[in-house]
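Subject: Two-chain model, handover and notes

Hi,

Here is the model I promised to pass on. Have a look at it first, then read my notes below.

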Amino acid sequence: MSSTLVSNMKYSDSLTVVGISICTAIVCEAISWLLIYRTSSYKSLKSTIDKASKKLETMKTTDPNTATTIKKSKTKKIDRVESSLKESSRDLSMFKFKSGGVVALVLFMVFGLLNSLFEGKAVAKIPFVPIKLVQKMSHRGLSGDDMTDCSMAFLYFLCSISIRTNLQKFLGFSPPRGAAGAGLFPMPDPKSN
Amino acid sequence: MRERKSVKFNLQQQQQEDQNGHLSPFKLANLFDPDASWDKDQLGDILHWIRQALALICGLLWGAIPLVGGIWFLLFVVLSSGIIYGYYALILKVDEEDFGGHGALLQEGLFASVSLFLLAWILVYSLAHF
């Protein structure tokens, strides 16, 4: 009965896209755990970054009574800790980049599979007309002028960002907050892509 | 004058660390306790998950009614940011300067929540109304 209900829906393909995205996210995180997160190098780098960030926070909190007298030496110490933090963040990025190739390959293959299944087909309906910049992705490969038709690429993009970011957060695989490049809009850890 | 927490959260954090160097477990009761002490990571995580929950609820609701038009997207962004601000400023009464400022707190989980909201809204709208 439920399969009849699903097959009667005009945009039931969207559920296929979401289902494949969820499975891909789980597989990618499993591969990342195997190649990156369980290694001692990653754990020690992460620990170093966490400690350096917390130390930096404490040092940047100034005591107004002694601010002028200890300013120079404290500034030098802060600079040293900041350099150390940047170096550790860079090492972490490089380490994850080297191991992330396999995950990138899996994502590429899944996208190719989805593209072959749903090319030229609207898999969902967007409840508003997206801005021109977004339309390049949301209407990718679709015919017609109805800009509320949603392509597989856009839906897959939304699934990737939301599902993988939250899965990484839930499993504790998000990059440390103190790492350089955490940025205004934290994406799913790109180096594990 | 509104009370603000000082930077004693660092000292409280050190006090809470046990011999293994881990922080003591976060208690659910602290979610609404303005006297609770907050680690930067803990507060960031809480705000992240609140945003995700709001995104899911709003997406499901907007799609079910349905609400159509770009204005409802903007409304979601304003609403979720307002709730987050109200939570950390009015309920928890944290000093935002200790946590990187309003920007740092308001952007916790923002991008993921917008994506989740759009995903839920589009899915429910497409499946329920066509």
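How much area do chain A and chain B bury between them? The answer is about 2900 Å², and 70% of that is on carbon and sulfur atoms. Buried area here is the accessible area (1.4 Å probe) that two parts lose on being put together, summed over both.

Before the rest, some housekeeping. This is a predicted model, where local features need pLDDT of at least 70 and side-chain atom pairs count only at pLDDT 80 or more, while totals for chains, interfaces and linings use all residues. Residues are numbered from 1 along each chain as its sequence is written, chains are lettered from A and ligands numbered from 1 in the order in which they are written, and side-chain values use heavy atoms, with hydrogens and water left out.

Back to the interface. Chain A and chain B bring 32 residues each to the contact (contact means heavy atoms within 4.5 Å). There are 6 residue pairs in polar contact between chain A and chain B, both residues at pLDDT 80 or more. For a polar contact, a pair of N or O atoms must lie within 3.5 Å; within protein, one must be able to donate a hydrogen and the other to accept it, and residues adjacent in sequence count only if both atoms are side-chain atoms. The rule also finds 2 salt bridges across this interface, a salt bridge being a side-chain nitrogen of Lys or Arg within 4 Å of a carboxyl oxygen of Asp or Glu. Lys54(A) forms a salt bridge with Asp41(B), and their closest N and O atoms are 3.4 Å apart. On the side of chain A that touches chain B, α2, α3 (40–60), β1 (124–125) and α7 (152–171) of chain A each supply at least two residues. The largest share of that side, 10 residues, is from α7(A).

Now chain A as a whole. Its secondary structure comes to 7 helices and 2 strands, in the order α-α-α-α-α-β-α-β-α from the N terminus. These are DSSP runs numbered from the N terminus: helices are H or I with at least four residues, strands E with at least two. Of the 193 residues in chain A, 39% are buried (buried is under 20% relative accessible area, exposed over 50%, partly exposed in between; 1.4 Å probe, protein chains only). Among contacts in chain A with a separation of 6 or more, 70% are between residues 24 or more positions apart.

There is also a nonpolar surface patch made of Trp33(A), Leu34(A), Leu35(A) and Val102(A), with about 340 Å² of accessible area together. Patches take residues with over 30% relative accessible area and no salt bridge, joining like charges within 9 Å and nonpolar side chains (Val, Leu, Ile, Met, Phe, Trp, Tyr) within 5 Å. Areas are from the Shrake-Rupley method with a 1.4 Å probe; for residues, only the protein chains shown count as cover. Helix α2 (residues 13–37) of chain A gives the most to the patch, with 3 residues. Leu35(A) lies in that helix and counts as partly exposed because its relative accessibility is 33%.

A few spots in chain B to check. The Ile65(B) to Pro66(B) peptide bond is cis, with omega near -10°, and Pro66(B) is in the loop between α2 (40–64) and α3 of chain B. Lys93(B), in the loop between α3 and α4 (101–106) of chain B, has a positive phi near 55° without being a glycine.
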